[in-house]
Amino acid sequence: MLKAFTSTLVLLAASIAAAAQPAPVTFDSTAKVFRIDGGGSSYVFGVNARGELQQIYWGGRLAKTDSFPQARTMPEWASFDSSYTNTPEEYVGWGSGLYMEPALKVTFADGNRDLELHYLSHTTVANGFDVVLKDIGRPVYVTLHYTIEPETGILARSATIENRGATAFTIDQAAAAAWALPAGHYTLNYLTGRWAGEWTLNQEAVHAGARVIESRRGSTGHQANPWFALQAGASDEEHGEVWFGALAWSGSWRITVEQDQLDAVRVTGGFNPFDFGFVLHPGESLETPAFYGGYSAHGLGGASRLLHRFENAHILPRTGAKTETAAAPRPRPVIYNSWEATEFRVDEGGQIALAERAAALGVDRFVMDDGWFGQRKDDHAGLGDWYVNKEKFPNGLKPLIDKVHGLGMDFGLWVEPEMVNPDSDLYRKHPEWVLSFPGRPRMEQRNQLILNLARPDVRAYVLGFLDKILTENDIAFLKWDYNRNWSEPGWDQLPPVEQKRVYVDYTRSLYTILSELRRKHPKVEIESCSGGGGRVDLGILRYVDEVWPSDNTDPFDRLTQQDGFTYAYTPQIMMAWVTDSPHGINRRINSLSYAMLSSMQGSLGIGANIVAWKPDEMALVKRLIAAYKQVQATIVQGDLYRLISPLNGSEFSATQTVNSDKSQSAVFAFIHSTQEGRGFPILKLKGLDAKAVYTLSSIEGKARAGTPETASGAWWMNHGLEMDDDFRGDLQAAAFRLDRK
Ligand code: DGJ
């Protein structure tokens with residue numbers, strides 16, 4: 001019954017880190033079973049007796065010698081649920097009475113909409129397979145791409161849909177991949193939010209039916225993020241099985257988590273089928289985004305540590321990294337950003353005054369935000385006119401940039417390239433460039449409209465002006481903002497049946513512009529901002545170095561936001577500014593050291609009106625920036641342990657990170673509001689080398705009197721770190737580092 005694997009191919013992907021071992025990928029030609037192993041996981045699928053490609057196993061890594069029989073289809077359930085709908089296919093076409101979410105749905109020119117994809121052939125590629133499926137009758141070909149990252153076991157899946165026939169057909173719905181888990185009890189985790197309230201972790205039992213997580217907005221969105229994690233049974237933060245996934249797409253997307261009629265679970269994700277329609281002419285193909293998936297046996301914490309490592313080593317650009325295959329990009333420069341200090345009122349003198357203060361604090365990068373261009377006095381005008389405003393900068397940007405350089409910092413600039421205000425020269429010249437339905441009302445948001453980036457002329461214009469700004473000025477960094485969602489996604493230059501391809505072409509154009517800019521200006525770094533965290537996903541992260549998680553910089557709110565963010569994304573990209581208190585969002589009063597420690601858990605920035613800071617505030621922040629830089633790489637690229645979650649109104653929260661060789665660790669502890677005299681819980685640290693000896697030093701705050709200065713990793717992990725008895729009150733924070741002796 002158990003068949004020997006007939007071929008074992010071990011190939012090294014050019015794109016993976018040099019240190020990583022290649023992943024074994026095997027195909028058993030007798031049982032028609034494909035197997036891909038990586039990290040602590042195995043992924044197995046095969047061709048069933050009907051010829052469909054069926055999911056077989058996804059979970060903990062199996063022994064090399066283990067093998068599988070041919071995939072067995074699920075039986076029909078009475079006369080209402082056919083075997084076709086009960087069997088979890090890798091990429092199922094809509095047809096034959098499928099009631100579950102299809103991966104692919106098409107409409108043929110003759111009105112036929114039945115699609116049944118069967119296995120045709122496959123090739124072995126580096127760390128994976130390309131498997132070709134074909135409809136049982138018509139020339140619709142789908143190549144499924146599988147590649148595993150050997151260290152983390154994270155699998156990248158995507159599909160290429162081809163029309164090899166003589167007549168066009170329309171793709172109504174196209175997923176990147178579908179993942180399947182057997183019947184069981186699962187908890188679904190997903191992230192939702194709104195402007196200034198991003199990154200809320202939702203946890204709910206999976207029940208019969210579908211939970212849809214999506215964006216219909218043309219971009220990723222604040223309201224939901226394309227990430228999920230499914231926990232089995234009693235899995236928690238550090239224990240138990242977790243399957244997780246993240247979609248690499250910055251346009252409208254959808255992930256559907258369904259429990260079927262036999263209690264099995266499927267997760268299907270890709271282009272959002274809402275208002276979708278992509279005409280595939282003879283000889284054309286459509287590539288879906290990638291849907292990444294991974295498995296951890298160490299709870300949600302283990303899952304996020306795998307994702308962080310994977311994002312750092314394999315997704316993010318390597319700007320400034322020592323080598324192309326370095327395990328992570330360089331830690332972010334500590335930035336200063338002018339937005340909360342000056343809003344649109346930027347000018348040469350004011351920015352120089354801020355820059356002098358920023359340099360005195362030890363800031364590495366000075367970023368001038370919105371307001372420097374066109375006739376931009378507020379948000380009513382100027383977007384689209386990317387020339388320097390002469391009233392604010394009579395001599396252009398050069399004097400400011402030179403000054404910033406002279407102060408030892410590099411210079412960054414805010415842009416919002418995809419937008420236009422109707423009150424702009426660009427709009428007056430090219431009203432036809434915006435997304436709209438002609439003759440219908442057109443909704444402005446923040447007084448702006450969206451340029452249709454899918455148009456080649458718009459793409460050329462946007463690329464052209466950005467290239468010009470970067471060529472004419474010594475700029476190290478762009479903060480790329482995007483402050484509204486789509487409302488009328490019309491593209492009337494195309495024939496009516498083709499117009500919906502705007503959902504694909506717009507996002508592809510955005511990626512093309514970003515990658516072309518990076519090619520022409522390889523040293524320039526970019527931040528993805530969309531009024532905060534509205535465009536954070538593994539698609540955009542291939543082209544940007546960091547993201548702005550939220551316009552909400554209240555340091556207490558940031559604790560829960562940062563907690564939510566880190567389930568899916570690495571702290572390396574999580575920019576966190578310290579701003580003035582009370583912050584406008586909540587009017588909360590907090591100390592500067594509390595704000596600093598909250599932000600120091602990510603990539604630190606300062607966004608306050610620092611010209612008004614008193615000497616003691618300057619001194620505190622200068623000291624903490626210096627302390628931060630000594631542990632920054634550990635904090636943003638190390639293994640993160642969410643020791644105490646700030647969720648659900650917790651009185652306390654704490655995080656810990658440990659670097660890859662376990663020589664350093666950083667610990668942050670926060671009290672929201674002490675209640676009934678409860679002291680801070682002992683923090684049992686994690687991830688240290690039990691046998692090594694570590695020295696504890698304070699970054700801010702004190703450990704309990706009598707805490708040893710040095711102790712073994714075992715002591716810190718088993719006995720734990722105790723806070724000072726006086727660590728009580730409202731909005732208190734402490735931070736420590738441990739260094740191996
Ligand atoms: C929204 C961003 O999130 C803010 O940080 C700031 O850049 C403003 N836009 C500027 O208009």
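Leaving aside neighbours within four places in sequence, with which residues is Thr319 in contact? In this predicted model, Thr319 is in contact with Arg330, Arg518, Pro522, Lys523, Val524, Glu525 and Asp545, where contact means heavy atoms within 4.5 Å. Because the model is predicted, local features need pLDDT of at least 70 and side-chain atom pairs count only at pLDDT 80 or more, whereas totals for chains, interfaces and linings use all residues. Residues are numbered from 1 along each chain as its sequence is written, and side-chain values use heavy atoms, with hydrogens and water left out.

The overall form of the chain is described next. The chain has 12 helices and 37 strands; helices (H or I, at least four residues) and strands (E, at least two) are DSSP runs, numbered from the N terminus. For 741 residues, a compact globule would have a radius of gyration near 27 Å, and the chain agrees with this, having 27 Å. The radius is taken over C-alpha atoms, and the globule rule is 2.2 Å times the number of residues to the power 0.38. Along the principal axes, the C-alpha atoms fill a box of roughly 75 × 70 × 45 Å. The chain is divided into domain 1 (2-315), domain 2 (335-638) and domain 3 (643-740), with bounds that come from an automatic or database domain assignment. The centres of domain 1 and domain 3, taken over C-alpha atoms, are separated by 40 Å.

Of the 741 residues in the chain, 62% are buried. Buried means under 20% relative accessible area, exposed over 50%, and partly exposed in between (1.4 Å probe, protein chains only). Among the contacts in the chain with a separation of 6 or more, 66% are between residues 24 or more positions apart. The chain carries 72 positive and 88 negative charges, whose mean positions are 2 Å apart. Lys and Arg count as positive and Asp and Glu as negative, while His and the chain ends are not counted; the place of a charge is taken as NZ of Lys, CZ of Arg, CG of Asp or CD of Glu.

Individual residues were then examined. Thr319 lies in the loop between α2 (299-315) and β22 (335-337). With a relative accessibility of 9%, Thr319 counts as buried. Thr319 and Gly294 are 25 residues apart in sequence, and their C-alpha atoms are 26 Å apart in space. Helix α2 itself holds Ala303, which counts as buried at 4% relative accessibility. The C-alpha atoms of Ala303 and Trp243 are 7.7 Å apart, although 60 residues separate the two in sequence. Leaving aside neighbours within four places in sequence, Ala303 is in contact with Val242, Phe244 and Ser296.

Strand β34 (residues 664-673) contains Phe668, a residue that counts as buried at 2% relative accessibility. Not counting residues up to four places away in sequence, Phe668 touches Leu597, Met600, Gln601, Ile635, Ser653, Ala654, Thr655, Ala734 and Ala735. Of these, Gln601 is 67 residues from Phe668 in sequence and 7.6 Å away in space, C-alpha to C-alpha. Lys662 is found in the loop between β33 (652-658) and β34, and is partly exposed, with a relative accessible area of 33%. Pro681 is found in the loop between β34 and β35 (693-700), and is likewise partly exposed, at 31%. Pro681 touches Ile644 and Phe652, not counting residues up to four places away in sequence. Pro681 and Phe169 are 512 residues apart in sequence and 62 Å apart in space, C-alpha to C-alpha.

Backbone geometry was considered last. Most residues other than glycine have a negative phi, and most peptide bonds are trans. Phi of Lys662, however, is positive, near 60°. Trp199, in the loop between β12 (186-192) and β13 (200-205), has a positive phi of about 70° although it is not a glycine. At 4% relative accessibility, Trp199 counts as buried. The peptide bond from Ser581 to Pro582 is cis, with omega near 0°; Pro582 is placed in the loop between β30 (575-578) and α10 (592-599).
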